Amino acid sequence: TAKALIDLFEAYKSYEGLYYFLGSIVNFSQDPEVHFKYIQAACRTGQIKEVERICRESNYYNAERVKNFLKEIKLSDQLPLIIVCDRFDFVHDLVLYLYRNSLQKYIEIYVQKVNPSRLPVVVGGLLDVDCSEEIIKNLIMVVKGQFSTDELVEEVEKRNRLKLITPWLESRVLEGSTEAATHNALAKIYIDSNNNAERFLRENQYYDSKVVGKYCEKR
């Protein structure tokens with residue numbers, strides 16, 4: 001059986017043999033153990049491209065188990081971990097791990113090249129680890145892909161850090177954005193800071209008066 005052969009290869013620490021054996025069956029197997037052991041063997045024999053492929057394509061591994069293994073083994077390339085966390089919604093966990101291990105460049109790679117739509121969750125995670133505001137502001141400014149303004153506002157607002165995204169919101173308005181979410185957030189910031197709020201509310205035609213009115217009631 002596959003299990004007996006896996007045990008045999010592992011007993012002799014023959015990871016290369018294990019890698020080639022599992023490589024011959026993994027594409028036809030639905031056994032989570034086969035997929036997990038293949039990822040392990042590929043990592044231990046330096047087959048990082050194959051680790052990436054299986055993390056991206058396989059639907060049969062236990063995501064939590066693979067995520068924990070990839071964090072423990074500390075590969076020089078974090079892309080397999082990024083793929084698993086992105087696919088299975090461990091983004092907050094990913095951000096905390098990368099930041100605490102001084103791997104911030106992979107956070108940038110993730111939101112710039114892999115999945116810009118996850119930027120709001122990434123910003124929330126960075127705020128939770130007390131990342132510097134400058135780093136977060138720069139990250140928001142450089143991500144040109146599509147992400148939800150509402151989600152970004154929600155992530156910073158629930159941490160009482162709405163003011164953090166003022167430069168980005170103002171740059172959006174200068175670029176001609178008429179999106180309600182952008183103007184709603186600016187209205188809230190101006191109300192909080194007493195910065196020409198009345199004039200903004202009187203003259204701006206793009207904010208949603210229901211949303212902003214509700215915000216004023218809460219204060």
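This report describes selected local and overall features of a predicted model.

## Domain arrangement

The chain is divided into two assigned parts: domain 1 covers residues 1-71, and domain 2 covers residues 148-218. Taken over C-alpha atoms, the centres of domain 1 and domain 2 are separated by 49 Å.

V66 and L103 give a further distance within the chain. These residues are 37 positions apart along the chain, and their C-alpha atoms are separated by 19 Å. V66 belongs to helix 5, which runs over residues 63-73. V66 is buried, because its relative accessible area is 0%.

A nonpolar patch on the surface is formed by L5, L8 and Y12. Together, these residues have about 340 Å² of accessible area.

## Positive phi angles in loops

K13 is not a glycine, yet it has a positive phi of about 50 degrees. The residue lies in the loop between helix 1 and helix 2, the latter spanning residues 15-25. With a relative accessible area of 62%, K13 is exposed.

D130 is likewise a residue other than glycine with a positive phi, here near 55 degrees. D130 is placed in the loop between helix 9 (119-128) and helix 10 (133-142). Its relative accessibility is 64%, so D130 counts as exposed.

## Cysteines

How many disulfides does the structure hold? The number is zero. A disulfide is a covalent bond between the sulfur atoms of two cysteines. In the case of C131, the closest cysteine sulfur is in C85, at 18 Å, which is too far for a bond. The cut-off applied to a pair of cysteine sulfur atoms is 2.5 Å.

Is C131 buried or exposed? C131 counts as buried, because its relative accessibility is 4%. C216, by contrast, is partly exposed, with a relative accessible area of 36%.

N115 is located in the loop between helix 8 (104-114) and helix 9. At 16% relative accessibility, N115 counts as buried, since the limit for this class is under 20%.

Which side chains make polar contacts with the side chain of N115? One partner is D86, whose side chain is joined to that of N115 by a polar contact of 2.9 Å. Another is S117, with a side-chain to side-chain polar contact of 2.6 Å.

## T182 and E179

T182 is found in helix 13, which covers residues 180-193. The relative accessibility of T182 is 0%, so this residue counts as buried. The side chain of T182 is joined to the side chain of E179 by a polar contact of 2.7 Å.

## Summary of the main features

The predicted model has two assigned domains, with centres 49 Å apart, and holds zero disulfides. L5, L8 and Y12 form a nonpolar surface patch. Positive phi values occur at K13 and D130, each lying in a loop between helices.

Note on methods
Residues numbered from 1 in each chain as written. Predicted model: local features only at pLDDT ≥ 70, side-chain atom pairs only at ≥ 80, totals over all residues. Heavy atoms only, no water. Patch = residues over 30% accessible without salt bridge, like charges linked within 9 Å, V, L, I, M, F, W, Y side chains within 5 Å. Areas by Shrake-Rupley, 256 points an atom, 1.4 Å probe, with all protein chains shown as cover. Salt bridge = Lys/Arg side-chain N within 4 Å of Asp/Glu carboxyl O. Domains from an automatic or database assignment. Helix = DSSP H or I, 4+ residues; strand = E, 2+ residues; numbered from the N terminus. Buried < 20%, exposed > 50% of the residue type's maximum accessible area, 1.4 Å probe, protein only. Polar contact = N/O pair within 3.5 Å; in protein donor to acceptor, adjacent residues only side chain to side chain.
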